[in-house]
Amino acid sequence: MRRSLNPLINQTFFLKVRKCLISGLFNNIAEFQQPDNHYMVLANRQRAKIHPSSALSGYHTNLNGFSSTNGNGMVSTSGSKMKDGKPAYVIFSEIVQTSQVYLRTVTRIEPEWIEEVVPECEYVNRLNNSS
């Protein structure tokens, strides 16, 4: 028997998880760059794309306000800052370099969360000015 999940509880839970990720991975924040359709890693200014296996690589939204390209993951898009249909800011766990540079295991974040979670982060002023 399947239990239904309360979407409000889940959104709150995932919000807390993403803020927790910022506390440990704040050097792995990337900002979307509209002119060349890449993300710029703020810590080292490296250009990268989201890995094709990520649910965020196709980033389209269904009627429930969630994004999923293969049915494996659900990513909330409600209230997020977007640029050209892509999240303005993401946090990632690793960079993979093949013929291109990719960000893998990514999730969207909001720039104001960074100031809230790690106010000493050197990127805070730049994020607030560019969002």
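Leaving aside residues up to four places away in sequence, Asn 28 touches Val 90, Ile 91, Phe 92 and Ser 93, where contact means heavy atoms within 4.5 Å. This is a predicted model, so local features need pLDDT of at least 70 and side-chain atom pairs count only at pLDDT 80 or more, while totals for chains, interfaces and linings use all residues. Residues are numbered from 1 along each chain as its sequence is written, and side-chain values use heavy atoms, with hydrogens and water left out.

Asn 28 sits in the loop between helix 1 (7–25) and strand 1; helices (H or I, at least four residues) and strands (E, at least two) are DSSP runs, numbered from the N terminus. With a relative accessible area of 17%, Asn 28 is buried (buried is under 20% relative accessible area, exposed over 50%, partly exposed in between, with a 1.4 Å probe and protein chains only). A polar atom of the Asn 28 side chain lies 3.0 Å from the backbone oxygen of Phe 92.

Most residues other than glycine have a negative phi. Asn 37, though, has a positive phi, near 60 degrees. Asn 37 belongs to the loop between strand 1 (29–33) and strand 2 (38–41), and its relative accessible area of 36% makes it partly exposed.

Arg 45 is not a glycine either, yet its phi is positive at about 60 degrees. This one turns up in the loop between strand 2 and strand 3 (47–50). Arg 45 is partly exposed, at 45% relative accessibility.

Definitions and conventions: Polar contact = N/O pair within 3.5 Å; in protein donor to acceptor, adjacent residues only side chain to side chain.
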